[in-house]
Every structure is written in C-alpha cells, then in structure tokens.
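Please keep the sequence and the structure in view while reading.

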Amino acid sequence: MSAQSEKFKLSEWIFTTDHKRIGVLYLIGSIAAFGIAGIMALLIRIEQSSLGPTLADSAMDAGNQYNVWLYFHGAAMILGFLIPGLTGFAANYFLPLMIGAKDVAFPRINAFSVWLFYTGIIVALLTFIVPDAPDIMWTGYPPYSLVTSGNTAFYVFTVHLLGFSSILGAVNFLVTVIYMRAPGMGWNQLNMFVWSTVTAFVIQLVFVPVLAAAVTMLLFDKYMGTHFFDPSAGGDVLLYQNLFWFYSHPAVYVILLPALGILYEIVATFSKNRIFNYKAGVYGGMWGTVLISGEVWVHHLYVSGMPNWIRIGQMVSTLLISIPVGLMAISLFGTLYRGSITFSIPMKYAVACLFLFLVGGLTGIPLAITALDLHLSETSFVHAHFHYIMGIFATFSVFAGVYYWFPKMTGKMTDEKLGTIGFWLNFVGVNITFIPLFIIGIDGMPRRYWDYEMYPQFENWHFVAMLGAIMIGTGMALTIFNWIKSAINGEASSANPWRSASLEWTHTVNPPGPGNFLEDVKVSEEWTPYDYAKR
Amino acid sequence: MKVLLAALTGSGLILSSVIARAEEAAYADPVESWEQLWSTVLFDLWIMGIIFGALAVHWLIKYKAKSPDDVGDSPSLSRAQMWSWALIPAFIFMADDFYLAAKGWTVWNTYRNVPEGAMEVKVTGNMWYWEFEYEDGTTSSYDVDGKEGDGLVVPVGTPVVLRMTSNDVIHSFGLTKYRVKEDLMPGRITYIWFNPKEEAESWVTCVEFCGVLHSRMYAPVKAIPQPKFDEWLQKRAEEENA
C-alpha cells in the first residue's frame, strides 16, 4: 500500500498523476527556489553591510550584480517559493485528503501544472547563465525594463509559465472542492485550510490573466516594436503599474490566505480546540478579503502621480482590508481561548507567526494612509513591513506546515532538538534583520540601494541586519537538513502523533497510498475537522 | 477595546480641532502635519498590538495543557454570539479605519494644495542625475562622482513647488527631510511642494529603481536665507551666460 516501501523509480515521479507525489515535487522545487533566493538575500545583506562596494571592485560591478540578486530574490521567493509552496505543495498534498477525495478532479492537468512549474524555475535559474541577466526587480516596471540591456524576456517567460501553472491549478482545485467532497460533507464542515485554498485560487483565476497580459505587452514593446508603455508614441508608463498591481496586490492574499489556513489547522490541533467563530473567519474574513482585494492596488502607486481622488478612494478601501483581516485574526487568536495547548515545533512556528502577523499587519496601516506614504513609500520601512507579513510570516507558515505534516508524508518524526534550535535561530534572526530596517526606514533609507553614501549613519544598522541574516541562513540550513535527515532515518511516527481530528490524520495511513483512503469516506452531519471538545 | 477606541477617537477629534484652529493663520506645514498623523497612527497601532499580543500571551500561558490527553473546551457560539463577534469587531475596525482615513485626508490636502506665492522649480530626472531649473531659466545640478555642483538651492521662508518629469525611465524624488516623495515619468508632469522653514542641508535621493547607479542618484538640497539665495541665483545665471 505505502508508496515508500516500493523501489524508487525516477520516471514514476516525473510522470506521476498522484496528487501527493505532485505535492512533494512542488515542495522540492519550491524549497530549491527558496534556497537559492535565500543565498541572494544573504549576498544582498552582505553588500549593504558596509559603505561602498563590499562584494565587488567597482560601483558599476556592485550595482550590476546587486540588481540581479534583487531581481532573482524577489521573483523566486514570490513566484517560485511562496505561491507554489502554499498553493502547490500544501494544497496538492492535503486538500484532497481533507475533503475525503481520492485525487484531484483532473490528475493529468495537475501533472502538467507541476511540469510548467519546473520549467518556470529552470527558466528563472537561467538568470545565472545568460550573459545579460534580468535586472528589472520582480516588478519589471517599464520604461526601465524596456531600455535595460538585461534580458527582460526571461522574466516574462517565467511569469507566463508559473502563471499558466497557477491558472490550471486554480481550475483543478475549485472543481475538486465543489464536486469531490466526501458524501455528507457540507460547506461549513470544510477545514479552514480548504477554504483558504479555495479563496486563494479564486483570486488567482480572476487576476493572473491580468498579470500575464501586462508582461506580454512588455514583451511586445521590447522585442516587437509596439508602444504600449512609450509616451513618445502615445503609450503610457503608468498603464503597466496599474495592470501589474491589479494582480500583484491580490497575489499578496494568494500567499496570506493559505498561510493563515495552515496556521488555523496547527493552532486548532495544538490547542485541541474548535475554530473560534468559524463562519466569521470564512465568510467575513476569507471571502471579505477576496471581495476587497481587487480595489486596493493603487496603494502601490501612491507616489506615482495618480489622480488625487483615486489615491484617497483607495486609501479608504485599503484601510478597510483591516475588517476581514481583523476577523481572521480574532478567530485565529480566539482559537487559543480555553484550549489545551502543547508546544511542539509546528506550534512554535505557528505562535511565531501570530507575532509576525501582528507586526507585519499593523505596520501596513501607516502605509495604507496616502499622506504618510509620501514619506514612507520606497523606504526600508516598506521593505521590512512586507517581509514581516508576506516574506517571513508566510515562510514560517510553510515551515510550520512541513513540520506538522512531516509524519503524514514520511511516516517519520523530525528531530525535535534540531528543529527547536533551527526555530530559535530563524525567529531571533528575522527580528534582528528586519527591526533595524524599520528604524532606518523611518529615517529615510531608500529601498533597492546597494550603497548609501549620502546616509553613512545607517551603516551600523545595516551591519546588524547582516548578522541577523546570517542567523536566519544558519537556521534555515539546519531546518532543511533536519527534514532530509529525518526523511531518510527519522524515528517512526505513530499514526496520528498530534492527535488531530482532521480527515487527513484520522482516515489515512502514513504516508497514504494510491487512492488515499482504505475505505470510502462518509461523514455525518455533526462531524467537523475540529471535533475535540469533551461531550 | 470599544471604550478605549471611543476615547481615542474623541481625544483625537478634540486634538485635531485645536490644531486646525492654530493653523488657520498661515498654510499648514506638511512636515508637522506628517509628524502629528504619524504619532496618532503609531498610538493606534500600539493599542491594537498590545490588545492582541497580551491576550495571546495570556492564553498561551494560562491554557498550556495540564496533561497531553487534555482537550480544549471553548464553548460553541450561539447564533447571536456569532453575529456579535463578527459585527461588533467589524464595526470597531471600520470606525477606526474611517477615523484614520479622515485624518489622512486632511494631511493629504495639505500636501496637494500648493500655497500661493510658491517658488516653482522644474525638476528633470535622468539616468543618473537630477537637473533643476528655476523660474528665470537658470539651472543647477550635482555631479556625484566629482562631488561638484550645488544641487537644489531654495530660499528659507518661501514654499517651493517642484514640477517634475523624466527624460528616460521612472525616477522618484525622495526628500526625507521634508517628508515628500513623488515619481518622475517620461510623458507626464507631477508635482510636490515643500516648506523650507529654516536653514538646512539635506539630500534628495532617487527612490524608484532606475538601473545600475540608482543608489548613486542623489543631490544636496540646501535651504539658505533669501539674500544669500538671490546672490547664489545671480551667480549661477552669470556662470551660465558666460
């Protein structure tokens, strides 16, 4: 039954249509992207740690290589790690198990999307091989992306491949949840993670095509002589930014929602508690976020010269995001209330996430206010804010998820001691790295600078941030080492080590074989995945 | 939380009306308005952060499992409780949002309404240097490599409005000291204004990514007394005509 007991054959993995194996492929690919993008982050921190060129001989060299690192770090972390880690790995492996399905609705399309994902990653990695590496940030704003000697086409193709992969995933999972739930499973009995995936994929389905259109126009402008973004021929430079952020702000919620979904699972399991106000979390929180997500993109263009009325209008809508996000925070934090809480590694990461969520979420409020943004925009305050909420929070959530479901995927436990050391290095490291960036950001340190000779007073804080980054690097390396080591010869785990009440733990073996369930799953009207309370 | 926020809203409203009255005489200063708004928002954030943070810490300690077999026993919510726990917080968040938005809008108007009699300077962004052109056609710039040139020189006591555009890619005029920032784009003209109240020297930095020397695209911004400024402008004009 167990896939693990059979002999390893590479072709079986490449051509697999099993959602669990596809999930594992997504995990391996996204962790690889994370590793390389993480090395870029370390190089970025080292370059900034001292005034003048630190890792190069001349200003030109330093600027050139630094911009490629920034581009790769941003693009790979968002498109290659966070989105595929959450909606690729976690959703693929666990969503069908949670709803009692034997696989996804379209297994072959699922396999095709993981191939597209790997192709996208490979195209992105060519950055380090082609002579004129892309240096256009993950945003690719024209006219710079059109006039640079960097190879903008690689950026465009990476977005195309990963975007297409996302759209296929979205269709697949929405159909799966709608049609393949176990008999008896109503909409209000779904796991929070399932709901978070559904809402994230609704956003992907609606908004990814807009991004694809934007980067395609970039491609046409640069290589085929069109003038969409060229004002000298009747084009408009701001058109791209509007299209780009019309997708890319909702993309933040494509990351935030499943990350919160994983946390809901972990917090409920380790508190042995029902979700506090489930319906407010799902319909008010998650669907509310989807509803508002498309009306807030102009907060990325507060200093871009948009008309006043829309800068004020979207200040209001951006602030209103606090309503759905606040409802999710209340139901997530409230799940701790009268729980019975234990602190294994997944829960440690989850608790750290609550803190990161608070810091990252609250520091977004000043950035939502147009007038305050006139000073804060494009400073390292912004940089620290989105790293807290989108970078580190979501990364910790993926890590929490891997630790939480590790026994399910491998039948083995991870090394608790190694995991704990890794956790503390990561958690302390991120705060040492990003708190200094808040501080110097308020004082005006601009983003995307490899040098800051006009502001030499920021050098010490940059040095501290580098020390933090080295801590994170060590912690991440230990964490990934722990997974590999434990997957090979970890201690055998019991069937349901966290005593979860959710289907993926109660109804399948570790790891689940083809078809997932030993017998068909049926649930009763009273069943919920969070059924812990004594009766 | 509701009481706290109500108190916060009330005190904020009183405070803002006092400030508004004090400033009726002259034009509002963007830097001061910014700082006031910033401290209001920061206060708001700390309150919310402390409420959520303290509750979480309290519960994490209080509800630590006594034995590994224990389960939680949070009560199931009645229909009324469920709606209350959704609508009341939603209403509080919304009230806070509108409160912050109203304050933010006021400061925004300060930023966008250029006072009468402002001195106009035309700013052009280039890869990778700034050009400043005064009303009489005199220009000024700054060479980062040689550390030569005066950059943007303005007289103390006169509001300055910048009309900005770019010759190549997008740049952004980031003037930390005066709390202003706006992009420069080819094909469009944008504006910002600032209020040099006292003698000061600061930097304008480019804050929209513009290529390899993006972080070397900066220039000094000097606010000097009016007589000295007139002298400087005349000298610049003569240098250019020579």
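**Charged pairs, chain folds and surface patches**

Over all chains, the structure holds 18 salt bridges. The model is a predicted one, and every value discussed below is computed from it.

One of these salt bridges joins the side chains of B:Glu182 and A:Arg311, with a distance of 3.2 Å from N to O. This pair crosses between chains: B:Glu182 belongs to strand β7 (residues 180-184) of chain B, and A:Arg311 belongs to helix α10 (residues 308-320) of chain A. Are the two partners buried or exposed? B:Glu182 has a relative accessible area of 0%, so it is buried. A:Arg311 is buried as well, with a relative accessible area of 1%. The cut-off behind this reading is that a residue is called buried when its relative accessible area is under 20%.

A further salt bridge is formed by the side chains of B:Arg216 and A:Asp451, at 2.5 Å from N to O. This pair, too, crosses between chains, and here both partners are placed in loops: B:Arg216 in the one between β9 (200-206) and β10 (218-224) of chain B, and A:Asp451 in the one between α16 (416-442) and α17 (459-489) of chain A. B:Arg216 counts as buried because its relative accessibility is 15%. For A:Asp451 the relative accessibility is 1%, so this residue also counts as buried. B:Arg216 and A:Asp451 are part of a network of salt bridges that also includes A:Glu453 and B:Lys147.

Within chain B, the side chains of B:Lys197 and B:Asp29 meet in a salt bridge of 3.5 Å, N to O. B:Lys197 lies in the loop between β8 (190-194) and β9, while B:Asp29 lies in the loop between α1 (2-22) and α2, so the pair ties together parts of chain B that are 168 residues apart in sequence. The partners may be described one by one. B:Lys197 is partly exposed, because its relative accessible area is 46%. B:Asp29 has a relative accessibility of 7% and therefore counts as buried.

The reader may now turn to chain B as a whole. Its secondary structure consists of four helices and 10 strands. In what order do the elements of chain B run from the N terminus on? The order is α-α-α-β-β-β-β-β-β-β-β-β-β-α. Of the 242 residues in chain B, 51% are buried. The accessible surface of this chain comes to about 11700 Å², and carbon and sulfur atoms account for 59% of that surface. If one takes the contacts in chain B between residues at least 6 apart in sequence, 67% of them join residues at least 24 apart.

With a relative accessible area of 15%, B:Thr40 is buried. Residues up to four places away in sequence aside, B:Thr40 touches B:Tyr99 and B:Lys103. B:Thr40 and B:Leu100 are 60 residues apart in sequence, yet their C-alpha atoms are 8.5 Å apart in space.

A:Ser331 counts as buried because its relative accessibility is 1%. Which residues is A:Ser331 in contact with, leaving aside neighbours within four places in sequence? They are A:Tyr264, A:Ile275, A:Phe276, A:Asn277 and A:Gly281.

The final subject is the surface. In chain A, a nonpolar surface patch of about 780 Å² is made by A:Phe8, A:Leu10, A:Ile14, A:Phe15, A:Phe112, A:Trp115 and A:Phe164. The elements that contribute two or more residues to this nonpolar patch are α1 (10-14) and α4 (107-125) of chain A. A:Trp115 lies in helix α4, and its relative accessible area of 40% makes it partly exposed.

On chain B, a surface patch of negative charge gathers B:Glu131, B:Glu133, B:Glu135 and B:Asp136. Among them, B:Glu135 lies in the loop between β2 (129-133) and β3 (139-141) of chain B. B:Glu135 has a relative accessible area of 60%, so this residue is exposed.

Note on methods
Residues numbered from 1 in each chain as written. Chains lettered and ligands numbered in written order. Predicted model: local features only at pLDDT ≥ 70, side-chain atom pairs only at ≥ 80, totals over all residues. Heavy atoms only, no water. Patch = residues over 30% accessible without salt bridge, like charges linked within 9 Å, V, L, I, M, F, W, Y side chains within 5 Å. Areas by Shrake-Rupley, 256 points an atom, 1.4 Å probe, with all protein chains shown as cover. Salt bridge = Lys/Arg side-chain N within 4 Å of Asp/Glu carboxyl O. Lys, Arg positive; Asp, Glu negative; His and termini not counted. Charge placed at Lys NZ, Arg CZ, Asp CG, Glu CD. Buried < 20%, exposed > 50% of the residue type's maximum accessible area, 1.4 Å probe, protein only. Contact = heavy atoms within 4.5 Å.
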